[in-house]
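Work through the exercises below with the model open. Each task is followed by a stepwise solution.

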Amino acid sequence: MDPRNFLALAKRLVANEKNPEGQRSTISRAYYAANNVAVEFLLRVVKLPKVAASHVQVSNCLNNSKDATLMQMVES
């Protein structure tokens, strides 16, 4: 599955589900879109574990990259 589809779903949810459940799902889908795209990118340059803790690894890799743009994305 293309993780960008999560972002498309988040956009549909934010437009059509204006309730707490919809907002929570929007945030979740947008997060997974960003995380999974980051995993795709990082797998090209580093080895990531295939476990739930990989969420932490993704953040650590981006923060420790010394790339100003990547670090800014993680901080926001």
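A polar contact is a pair of N or O atoms within 3.5 Å; within protein, one must be able to donate a hydrogen and the other to accept it, and residues adjacent in sequence count only if both atoms are side-chain atoms. The model is predicted: local features need pLDDT of at least 70, side-chain atom pairs count only at pLDDT 80 or more, and totals for chains, interfaces and linings use all residues. Residues are numbered from 1 along each chain as its sequence is written, and side-chain values use heavy atoms, with hydrogens and water left out.

**Exercise 1.** Find the backbone nitrogen that the side chain of threonine 26 reaches.

Solution. Start in helix H2, where threonine 26 lies. Helices are DSSP runs (H or I, at least four residues), numbered from the N terminus. Threonine 26 has 12% relative accessibility, so it counts as buried (buried is under 20% relative accessible area, exposed over 50%, partly exposed in between; 1.4 Å probe, protein chains only). Its side chain reaches the backbone nitrogen of valine 14 at 3.4 Å. Now list the contacts (heavy atoms within 4.5 Å). Leaving aside neighbours within four places in sequence, threonine 26 touches Ala10, Leu13 and Val14.

**Exercise 2.** Locate the buried side of H1 and say what it packs against.

Solution. Take the length of H1 to begin. Its 13 residues reach 19 Å from first C-alpha to last, close to the 18 Å expected at 1.5 Å a residue (the expected span is 1.5 Å times one less than the number of residues). Next, pick out the buried residues of H1: Phe6, Ala10 and Leu13. They cover an arc of only 65 degrees around the axis, so they sit on the same side of H1. That arc is taken from the directions from the helix axis to the C-beta atoms. The buried residues pack against H2. Lys11 and Asn16 are exposed, on the face turned away from the buried side.

**Exercise 3.** Classify the aromatic pairs in the whole structure.

Solution. Rings of Phe, Tyr and Trp (its six-membered ring) pair if their centres lie within 6.5 Å; planes under 30 degrees apart count as stacked, over 60 as edge-to-face and the rest as tilted. The search finds 2 pairs. Phenylalanine 6 and tyrosine 32 have ring centres 6.4 Å apart and planes at 50 degrees, so this pair is tilted. It links helix H1 (residues 4–16) to helix H2 (residues 20–43), with the partners 26 residues apart. Phenylalanine 6 is buried at 17% relative accessibility; tyrosine 32 is partly exposed at 31%. Tyrosine 31 and tyrosine 32 have centres 5.1 Å apart and planes at 80 degrees, so that pair is edge-to-face. Together, Phe6, Tyr31 and Tyr32 form one aromatic cluster.

Technical notes: Helices (H or I, at least four residues) and strands (E, at least two) are DSSP runs, numbered from the N terminus.
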